[in-house]
Amino acid sequence: MPLLYPLLVSTLLFAIGVYGVLARRNAILVLMGVELMLNAVNLNLVAFDTWHGDGLRSGQVLTLFVITIAAAEIGLGLAIVLRLFRLRAHVDVDRVRDLADREGAGPPEDVMVADEWADGADHARDLVDGSAERMGGGEHVDGADQARSTQPAGSGGQG
Amino acid sequence: MTAVRVLFLLLGVVAVGSALLVVTTRRVVHAALWLVVTLGALAGCYLLLTAELVAWVQVLIYVGAVVVLLVFALMLTRSPTAPVADLTTANAWFAGIVAVAVAGVVGTTLVAGFRGEVIDLAGASIGGAEAIGTAVFATWVLPFEVLSVLLLAALVGAIVLSTARARRRDREGIHDGVHDGEGSG
């Protein structure tokens with residue numbers, strides 16, 4: 001079998017994956033495009049392994065490694081996507097523009113769960129407390145109290 | 001030999017065609033199902049290229065695990081099963097140009113480099129479980145073990161990402177207890 005057959009199939013698959021990653025708006029469909037690209041690379045590896053025929057089976061073993069890494073990647077990627085969905089109630093990557101470099105960019109408009117943002121304040125307060133206590137001793141306790149008093153008033157009523 | 005060639009071309013056409021449907025269909029769930037077809041056709045390609053174990057691992061991990069994960073994610077993000085109009089961006093034409101450019105550059109390079117090369121399938125040894133297992137545990141042990149650490153890290157990361165809110169509640173409870181203790185003392 002000509003070596004070009006698998007190589008051209010994998011080239012087309014990779015290009016289709018690139019299109020999927022760039023053109024799709026749903027984050028899960030973007031991840032599907034990534035999977036297509038990884039599979040194109042796998043086909044290339046297997047084809048070159050069979051063509052080269054070294055005794056170490058480097059291509060096929062590397063394919064197994066890539067499949068494992070792809071499984072880890074999809075697990076983490078979907079965890080991030082679900083977290084995004086919990087925060088925004090959508091997974092549209094075109095509307096997630098918090099880090100966009102724009103003039104006069106205001107706060108994001110479509111935040112659904114407002115207290116998720118209070119997470120950051122709580123977390124910062126915890127960090128301040130923790131570092132104050134870790135630096136230790138009684139003389140830093142009022143520093144920690146001061147840091148606690150600067151917490152947003154809204155989160156004081158919790159618990 | 002020609003039968004293998006024809007079969008590979010058929011599987012390649014199926015893989016590429018269903019991959020095109022994955023990135024162009026307007027139904028989100030159908031994209032996941034077309035992805036199954038692509039991955040299955042690729043498993044067939046691996047079988048024809050004598051990579052037997054890789055083919056079965058592909059079926060197990062990709063078709064079995066990854067696609068199920070994707071479908072679960074579609075379910076949890078409440079993706080509609082009806083056709084969605086704006087599933088691709090307005091800049092899809094640019095993505096198409098980039099994809100065609102990628103295919104052109106890579107394809108030209110491969111054709112220039114490997115035209116006329118032939119895979120000797122009759123002389124190739126089958127990459128079954130025994131051969132690949134021997135290779136993994138004789139030569140590639142270190143990357144294999146490193147990979148297990150990577151999987152553990154991914155596992156821990158996924159757990160941390162998905163349980164952040166619950167952990168925050170626990171921490172606040174403990175925190176308030178400490179606070180009360182300070183107030184009384």
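1. A residue is called buried if 20 or more other C-beta atoms lie within 10 Å of its own, exposed if 12 or fewer, and partly exposed in between. The model under discussion is predicted, and the points below should be read accordingly.

2. A:Thr68 belongs to helix H3 of chain A. Is this residue buried, exposed or partly exposed? A:Thr68 has 18 other C-beta atoms within 10 Å, and therefore counts as partly exposed. Once neighbours within four places in sequence are left aside, A:Thr68 is in contact with B:Leu147 and B:Leu151.

3. Apart from neighbours within four places in sequence, its contacts are A:Leu3, A:Pro6, A:Leu7 and B:Leu49. The C-alpha atom of A:Ala47 is separated by 9.2 Å from that of A:Leu4, although these two residues are 43 apart along the chain.

4. As to the fold, chain A has five helices and zero strands, and its pattern along the sequence reads α-α-α-α-α. Chain A comprises 159 residues, of which 37% count as buried. Taking the contacts in chain A between residues at least 6 apart in sequence, 48% join residues at least 24 apart.

5. The geometry of H3(A) can be checked against expectation. This helix has 31 residues, which at 1.5 Å a residue should span 45 Å; the C-alpha atoms at its ends are 44 Å apart, so the two values agree. After H3(A) comes A:Ala89, with a positive phi near 60°.

6. How many residues of each chain take part in the contact between chain A and chain B? In the model, 66 residues of chain A are in contact with 79 residues of chain B. On the chain A side, two or more residues come from each of helix H1 (4–23), helix H2 (27–52), helix H3 (58–88) and helix H4 (115–135). H3(A) provides the largest share, 21 residues. Sorted by class, the side of chain A that touches chain B holds 44 nonpolar, 13 polar and nine charged residues.

7. Two packed helices are described by the angle between their axes and the distance between the axes. The axes of H2(A) and of helix H2 (residues 28–48) of chain B come within 11 Å and cross at roughly 5°. Because angles under 35 degrees count as roughly parallel, H2(A) is described as roughly parallel to H2(B). From H2(A), the residues that meet H2(B) include A:Leu29, A:Met32, A:Leu36 and A:Leu43; their counterparts in H2(B) include B:Val28, B:Leu35, B:Leu39 and B:Leu42. This contact of H2(A) with H2(B) has 12 nonpolar, two polar and one charged residues.

8. On confidence, the predictor assigns the complex an ipTM of 0.86 and a pTM of 0.78. Chain B has an average pLDDT of 88, and 88% of the residues score at least 70. Over residues 176–185 of chain B, however, pLDDT stays under 50, and the model has one contact beyond four places in sequence for this stretch. Where pLDDT is low, the predicted coordinates should not be read in detail.

Notes:
Residues are numbered from 1 along each chain as its sequence is written. Chains are lettered from A and ligands numbered from 1 in the order in which they are written. This is a predicted model: local features need pLDDT of at least 70, side-chain atom pairs count only at pLDDT 80 or more; totals for chains, interfaces and linings use all residues. Two residues are in contact if their C-beta atoms, placed from the backbone, lie within 7 Å. Helices (H or I, at least four residues) and strands (E, at least two) are DSSP runs, numbered from the N terminus. Ala, Val, Leu, Ile, Met, Phe, Trp, Tyr, Cys and Pro count as nonpolar, Asp, Glu, Lys and Arg as charged, and the others, Gly among them, as polar. Axes are lines fitted to C-alpha atoms, for helices over the stretch in contact, and angles run from 0 to 180 degrees between N-to-C directions. Angles under 35 degrees count as roughly parallel, over 145 as roughly antiparallel, 65 to 115 as roughly perpendicular and the rest as oblique. pLDDT is the predictor's confidence in each residue, from 0 to 100. The expected span of a helix is 1.5 Å times one less than its number of residues.
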